[in-house]
Amino acid sequence: MLNRNARPTMNSTPRLRLGLQAGALSAALAIAGAAGLAASAHAASGMETAQVKSPVTVKVQLSTDLLAYDLAWSNHTSAARQAIANQVIAEMDDPTTPYIIQLRQLPAAWRPLAADFASVTVQSDSSNSARRRSTTSPNTTGALLDMNGAAIDRNKARLGRLNYERDIEDALVDILDRIRAERPGAMLTIENFVPPESFGARAGSYRDLMAELDFVVMQMPSVIGQSTASATGLSRRSRANTNQSPTMDVDRVFKIAGAPDNMWVLVEQNGAWTAIDDEPLPEMISEGAESGDTDWSSEPAPSTPSTPSDNSGPSGNDQNNNPAPTPPPVVIEPETPPANPPVDDTPDDPIDQNFGSDNNGEPDLEPDPPIDAPDDDLPDPPASDDDDDDNTPPPPPEDDDDDDPVTNPGGGQNPPPGGSDDGGGDDEQPDPPVDDQPDEGSGNNQPNINGPAPLLIPGAGFATATPQPAPIGSGPGADAKAIARWDVVPFQTFDDEFPIGVVAFHINGIDRVEFSVDGGPWASVYEMTLNERTGVWEYVVKLDADEFDDDGLVEVRAIAYPNTGLPRVLAGPINMGLNDARIRGQFSMFLNANAGGTLNEPIRWVAANGNDESGTGTQGNPFKTIKHAVEQVQASEGACDGATIYLKPGDYAYEQTSFGSGVTTTNRWITIAGAPGQPKSAARITSSPGSGIRASLVHLRNLTVYSTTVPGGTSSQYNRLWIDNIVLQGADPTDGSASIRGSQWTGGLFSTDVHYDNLRRAVREGEFTRGALITNCGGDAFREMRGLAINTEVRDLVNVDGTHNDLMQFYGPQGSDPFENIIIYGLKAVDNVAGQSFFIATGAPMHRDFAVVNYISNSTGGGGAQWGDPADHVLFWNYTVLNQSFVIRDGGQAEEATWITNFSLRNSVVNSLKINHSGVAPTMSDQSWAMNNHYIDMDSFGSQAAGQGATTGGTYQTLFVNPASHNFKPKPGSILTNRVQTPLAPADAENQPVGESAAIGALASAEN
C-alpha cells in the first residue's frame, strides 16, 4: 500500500493510485445528516471535499463461459486482457470523469463450478444479496467454452482455485496497465473488488490491486431519517450524533466507506457526487476542471488485435492461433442511477460465477436473507454485508507481563500465546503472518491481519428463531455437521469496538461463517484471521457500541457453513442445562453495549483491615469482607449487575451470601478483582465456607485462589463462573482441594489466561478455556472438557504418587452422556509430561464432532494416546504425539466395539499408529481417512502406516530441531518439511502463522 503522504496529484503523474468500488451501499444508506457535506463542515472535520462529475459505469464482457480462465489460466491470456482493456479504452473520453469498470463475469472470490461442466450454476452479480439459481447451460456440447469457442481445459480450471485471488489480481493489474498506457491519468475502479471481502485473506490478496485504483463509491438516502436508512443503516444514536454535529457527517462517511489509505471516497446524494479524503485532493477531480496535460481527445481508440500473441499462458507458449472474437458492445450506465431500480429476474449469462442478487445484476438495496436452499449440491453464496467500518486494524494489545515469581514462575516469561481479550495480562504478542496467499481446501486460507473484520450493523431484533440450513452437497462427509464454537465469554460489557469470533472446522473444510446482530444484515467471513483482542486465529467480526440505539443486551447469531456437509447454527437461548443445545455450544452470544454509559457500574472496596460496620466501601474506607460488599451493593443498587468489588492485598474468604439478600445478576457479571496495579499474588481467596455468592454471573479477575474451591451456589440458577487472569494454586501436585469444577457451575465454567499450578486436577468440566498455563499437575491436566480449549500449554505433568495421569481425558461410567461439538485448538505439552497423551473411553453410545487441531505432546508413561468410543466426525489435524502410540481400540467399561465414521488424520506426526478396534471403521484398507502423515516407529508390534502420502522412519534427532531442549519444530530439510500446500489451520500450536510449503505436525512453521 502506498504512503498517503507521498501520493502524487493527477497533473504530476499519469497514474493515480487511489482506490476501488466498495459496493458498500447498504452501509452508506445508514449515513444521516448528509447536508453536513457542506464546505463549512469539512474544514472543521479536517476532511478535504470537492464536487465531481458523475462516474461512468462501463460494462465489459467476453464471449466466454469462464472469464477467469481466459484471463488467468489459458494460453491466450494476453489477448483476453487486451480485449477487456480495449473495451474500456474505447469508452473513455474525459480525463476528469471517474470510470467504474464492471466485470459481471468475474467474481472476487472463487465459487465452485458444476461437477461435470455440463450443468452450469448461474449466479447473479449484486453483492448485496445471497441468492443463487441453477439452470442448464444452453451449451449442449457438455463442455464450457473459452472466448475462442474452444473447450476450456477442465484440469486448468479446477486447479485455478488454488491461487484464484492471486491470479485474478495479476490479470486485473495487467489490464489496468494496458488501459493507462492509452489513457494516462485515468481515474478507475473495478466494481466489487474493494474490498472483495471486507476482511480476511481474500481482501489481503488484492492489496496490489487496491494500490492501482482510485476510489470507493457510496450512495446516501435523499431524505434523512427515512425508513430505509433506519432499517438498513446506522442506529438511531448514530444518526442523532451525525445530525447534532455537522463535522461528523463527512468523518462518518469516510469511516464507513472503509477505504484503504491510498483511496478517496466518492459519495452520491440526490444526483450530486462529492469526493472526500483526509488528504489533499488533486485538482483534476473538481467538476469543470481542465484536462491539462492529459488530453485524450487526439488519441486514437485502440483496436483488438486480430491474432492473439501471448507467451503468458501456463505452458509459456502460444498454442492458439485463432483470432480473438469481436468484443460485444459496451454498455454505458446512466450517470445517475434511479432511486428504485427495476427488478429483473432474467437469468444471467451461463456461469458468470458472480454471486449476489437475483436481479440480473441490477442493484438490490434490500439484502436477501442469508439462508437459501442449496442448488446442484453446491454451497450457497454468502449474505453480503458490505459495511467496512474501518480498514485500519486495531493496535496490538499491550503486554501486561506479570513478573511475580509466585504467580508467574517462568521469571517474567509470558504464558502460552494467545492472551485474553477479557481483561487479563501476560498476553504474548503474536507475530504477523508470513503469507497471505489463499489456498484451496479448509476455508482457513492464509490469513492477513491487515484485512479488517466486518462491522455488524444491528437490526430491530430477531423476530424468529434462526432455522437450520439444508445440507450442502453430497458425498463423503456430507452427513457431518460443522464443528463450531464461540470464542467469546458471554455477557461482557463493551463501550467501543469489540471484535468477536467463532472457531470452526469440518472434515470438508469451512466455506464461511455468517454473523448477524439483533436481526441486522448477515455478514459472511471466509477466512480465519488474527483477532487482536483474543490472540486467536478465528472467524472474526466487530461490534461497535455506538451503532446500537440503546445501551443494554445485544444478541449475536452465527452459522458455520462447511464446503460440503451440515451447517451448524449458533443461536438460541443460553439459560439451559448441561444436556441440551447449550452444552453443544449452540446458543446466541449475548453481550452488553454501553456507548452511552447508562449501564450501572457500582464499585466497592474491600481490605483485610477494613470494617463492615463503619466502612463505606470506598477506597479510603473499605469494607472487610467480600460477602458484606456484595450484599451492600445489592441493597443499595437493587442488583449487582456490572458491579466490581476491588480487593486490596490480603487473604479473603469466599463466603456464602445471606439467603434473604438475593444477589441479582441478570445480564452482567459481578466482578471480584484484585485492585488495579497489584500482582495476582497480592489478593488471595483462601477459603470458601458455604455455597459462596449466590449469583448467576460471577467473575474473578487478577487474584489468586489458593488451596480452596469456588462453589457455584444453587444449581437451578444456571450459575456461571468466569475466572480471568488469576492463579488457581494448590499446596503441591497432589492437592485436590484447589479445584474449580464445571459441574458446580451449571451455566458454564469460563477460563481466560489462568495459571493452574500445583493441582491434582486442573481444568475440570470446563466449557471454555483459552490461554491456560498448567504447571506441576499431579493428575489430569484436562478432565471432561465440555467445549472449547484454545492456545493452552502444559508443563510438568508429574506422577508423584503412582496414580494414572492424563493430559486430556474424557472418561465416565458405562452409559455416560456423549460429548458433541468439542474443539481442542492449540495445545502444547512437551516439557516433562508424564502421563497419557489423550484418552477417551466413556462407554457413551456415540460422540459427535470432535476437532483436535494443532496438538503436540511429548509424553512419557503408559497407555499412549487412545480413542476407545464410537464416534462420528472426528478430526486429528496437525497432531503430533511423541513417545507414545496413537491407538484406536475398543473401549468403555465393557470394552464394546469402537467404530468411527467421518474420521480424519491429516498432516500429523505420530510415533506409531495401532488399529486395535473391532468396529467397522476405520480400516487399514481404506486410504481416505489418513492423509499426508508421518509414522516414526514401524518396529513396535502392531505399528502401521495408514493412508495416502504416508512416510515412515527417522529419529527424533533427525526429524526435529533439538529434542533435548524440547524444541520439536521440524528440522530444516527433514522429511517433515515442505509437505503442506493447503494448510488446515492458519497458525500452529505456538500460534505462529503458517506460510507456504508448511511442515506437517503441530509446529508447522518450521525453522529455517
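Which are the buried residues of α12?

The buried residues of α12 are Ile626, Ala629, Val630, Glu631, Val633 and Gln634, where buried stands for under 20% relative accessible area, exposed for over 50%, and partly exposed for values in between, computed with a 1.4 Å probe on protein chains only. This is a predicted model, in which local features need pLDDT of at least 70 and side-chain atom pairs count only at pLDDT 80 or more, while totals for chains, interfaces and linings use all residues. Residues are numbered from 1 along each chain as its sequence is written, and side-chain values use heavy atoms, with hydrogens and water left out.

Helix α12 covers residues 626-637, twelve residues in total, and from its first C-alpha to its last it reaches 16 Å, close to the 16 Å expected at 1.5 Å a residue; the expected span is 1.5 Å times one less than the number of residues. Helices (H or I, at least four residues) and strands (E, at least two) are DSSP runs, numbered from the N terminus. The buried residues of α12 pack against β21 (603-606), β22 (644-647), β23 (650-653) and β24 (670-674), contact being taken as heavy atoms within 4.5 Å. Just after α12 comes Gly638, which takes a positive phi of about 85 degrees.

Lys627 is partly exposed at 22% relative accessibility, whereas Glu631 is buried at 15%.

Asp214 counts as buried at 0% relative accessibility, and Arg180 is buried with a relative accessible area of 6%.

Glu601 forms a salt bridge with Arg668, their closest N and O atoms being 3.6 Å apart. Because Glu601 lies in the loop between β20 (589-593) and β21, and Arg668 in the loop between β23 and β24, the pair ties together parts that are 67 residues apart in sequence. Here Glu601 is partly exposed at 47% relative accessibility, while Arg668 is buried at 7%.

Technical notes: A salt bridge is a side-chain nitrogen of Lys or Arg within 4 Å of a carboxyl oxygen of Asp or Glu.
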